[in-house]
Amino acid sequence: MHPKILYKHFTKLESDHFGLVYMGEFDDELTATLTRISETSIEEPKLIKKKLSFLIVECFQNIVRHADKPQLVTRTNNKPRMFLVRNTGHDFYIASTNLINNDKKERLAAKLKIINSLGKEELKAEYMNALAHGEITDKGGGGLGLIEMSRKSECKLEFDFEFINYFFSVFYMQVHVAVRGSETNTESLITLNNTRELYNAML
């Protein structure tokens, strides 16, 4: 890689206390590796580590289980998936990218908007309903994993879509975890747009 490109990435990540960015092939075997890295590299109380480990696994598994693959790989749709964990200040960010069929975008966006509209007790009720009856009500909309990510992070799930071609878009999702008792420093805030820029810079 050219030194100028390396330096560009360095300047984007130099303020991070911890940063892990992975782009390439994804499979279940990597899940355990990512969990070990997070547990040994993140210096936070046990309870925070446990929460982060859960969110890392859920976000990573979201890539493994739900990515759509084109039958014919072309120059436009050959978009590798990305997973990242970043810690800056007292905040952690876990993000993923997936290739998704355009005909699924509207339904997925609706699910995420509904989940983001629910309060703490409503999310808990939807989760318990899903466990008891094996389904999610129209109010809850999303899968167990999405609901649990929202509950565990105690923040709204950030998401966006980037149009690739008639068939596919890149689906971005980011989870923000603030260490309890601390305030988010706006100077260290990592937005979903920052993650999108990093993804495209790596491409």
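A search of the whole structure, a predicted model, finds six aromatic pairs.

Student: Is the pair of F159 and F161 stacked or edge-to-face?
Tutor: A pair of aromatic rings is described by the distance of the centres and the angle of the planes. For F159 and F161 the centres are 6.2 Å apart and the planes stand at 75°. Planes over 60 degrees apart count as edge-to-face. The pair of F159 and F161 is therefore edge-to-face.

Student: Is the pair of F161 and F171 stacked or edge-to-face?
Tutor: The ring centres of F161 and F171 lie 5.2 Å apart, with the planes at 25°. Planes under 30 degrees apart count as stacked. The pair of F161 and F171 is therefore stacked.

Student: How many residues apart in sequence are the parts that F161 and F171 tie together?
Tutor: F161 belongs to strand β4, residues 158–163, and F171 to strand β5, residues 168–178. F159, F161 and F171 form one aromatic cluster. The pair of F161 and F171 ties together parts whose separation in sequence is 10 residues.

Student: Is F171 buried or exposed?
Tutor: Buried means under 20% relative accessible area. F161, its stacked partner, has 17% and is buried. F171 has a relative accessible area of 5%, so F171 is buried.

Student: How many of the residues of β5 are buried?
Tutor: Strand β3, residues 91–101, pairs with β5 in the antiparallel sense over 11 bridges. Six bridges join β4 to β5, also antiparallel. Strand β5 is largely enclosed by the rest of the structure, because its buried residues number 10 of the 11.

Student: Which residue in β5 is the bridge partner of F163?
Tutor: Strands β4 and β5 form a hairpin with four residues between them, and they run antiparallel. For F163, the bridge partner in β5 is S169.

Student: Is E154 buried or partly exposed?
Tutor: E154 is placed in the loop between α6 (144–153) and β4. Most residues other than glycine have a negative phi. E154 is not a glycine, yet it has a positive phi of about 60°. Its relative accessibility is 48%, so E154 counts as partly exposed.

Student: Which residue lies over the face of F54?
Tutor: A charge sits over a ring if NZ of Lys or CZ of Arg is within 6 Å of the ring centre and within 35 degrees of the ring normal. Here the distance from the ring centre is 5.3 Å, and the residue over the face of F54 is K152.

Notes
Residues are numbered from 1 along each chain as its sequence is written. This is a predicted model: local features need pLDDT of at least 70, side-chain atom pairs count only at pLDDT 80 or more; totals for chains, interfaces and linings use all residues. Side-chain values use heavy atoms; hydrogens and water are left out. Rings of Phe, Tyr and Trp (its six-membered ring) pair if their centres lie within 6.5 Å; planes under 30 degrees apart count as stacked, over 60 as edge-to-face and the rest as tilted. Buried means under 20% relative accessible area, exposed over 50%, partly exposed in between (1.4 Å probe, protein chains only). Helices (H or I, at least four residues) and strands (E, at least two) are DSSP runs, numbered from the N terminus. Two strands pair if DSSP finds at least two bridges between them.
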